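Here's a quick briefing to read with the model open beside you. Have a look at the fold, then run through the points below.

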Amino acid sequence: MTYLDVDTLSGMAPLRVAVFSLGSNLGDRFEYLQGAVGALRATPGLKITGVSSVYETTPVGLVEQPDFLNIVVVTESTLPSMVMLERALAIEDAYSRVRVVPGGPRTVDVDLIAVGDRVLNGENLTLPHPRAHERAFVLAPWLEVEPDAELVGHGRVADLLAGLDATGVRRRDDLRVE
């Protein structure tokens, strides 16, 4: 028996869950996050289905820098993964993101973490994000929004987070991104 892909025949792209991680540790961190979420919300073909609480997090890596505010935004979209990446980079550009020191301070960082069960190792995009499974500042807010979430190739987000030191990840109940 031959199965046909109805979406391909109809010309419709499949609806997939896409997960973005946003962070900021320069300037008005909260306003940058709020603005970046607003820009995602204004993206045609991208529907926000969940925004996590704000988490204040200790920076990861060797660069001395201020603490971050981080959130995760869960969306549904028919957009191609590369279009979502281009939108993320455009949002960073709009907030004057500068890439001088790898892992260094930034006004806003918008990372595409996962798009459905898509696995991609491209020149400009790797899905799922290659370090998401080892970053509590991504997993904790994601787990809050999607308690049953799984990271393709790595397992359940809850299990991944349970295996990490999350002491540098603190939920800020006094802040809420709309």
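**A cis proline and its surroundings**

Pro128 sits in the loop between β7 (126-127) and α4 (136-145); helices (H or I, at least four residues) and strands (E, at least two) are DSSP runs, numbered from the N terminus. The peptide bond leading from Leu127 into Pro128 is cis, with omega near -10°. Most peptide bonds are trans.

This is a predicted model, so local features need pLDDT of at least 70 and side-chain atom pairs pLDDT 80 or more, while totals for chains, interfaces and linings use all residues. Residues are numbered from 1 along each chain as its sequence is written, and side-chain values use heavy atoms, leaving out hydrogens and water.

**Helix α2**
- The 13 residues of α2 (residues 29-41) should span 18 Å at 1.5 Å a residue, and the end C-alpha atoms are 18 Å apart, which agrees; the expected span is 1.5 Å times one less than the number of residues.
- Its buried residues are Phe30, Leu33, Gly35, Ala36, Val37, Ala39 and Leu40 (buried is under 20% relative accessible area, exposed over 50%, partly exposed in between, with a 1.4 Å probe and protein chains only).
- Those buried residues pack against β1 (16-24), β2 (46-51), β3 (54-57), β4 (68-77), α3 (81-94) and β5 (109-115), where contact means heavy atoms within 4.5 Å.

**Pro44**
- Pro44 lies in the loop between α2 and β2, and it counts as exposed because its relative accessibility is 67%.
- Pro44 and Leu79 are 35 residues apart in sequence and 8.9 Å apart in space, C-alpha to C-alpha.

**Strand β5**
- β5 is mostly covered, with seven of its seven residues buried.
- β1 and β5 run antiparallel, joined by six bridges; strands pair if DSSP finds at least two bridges between them.
- Leu22 has Val110 as its bridge partner in β5.
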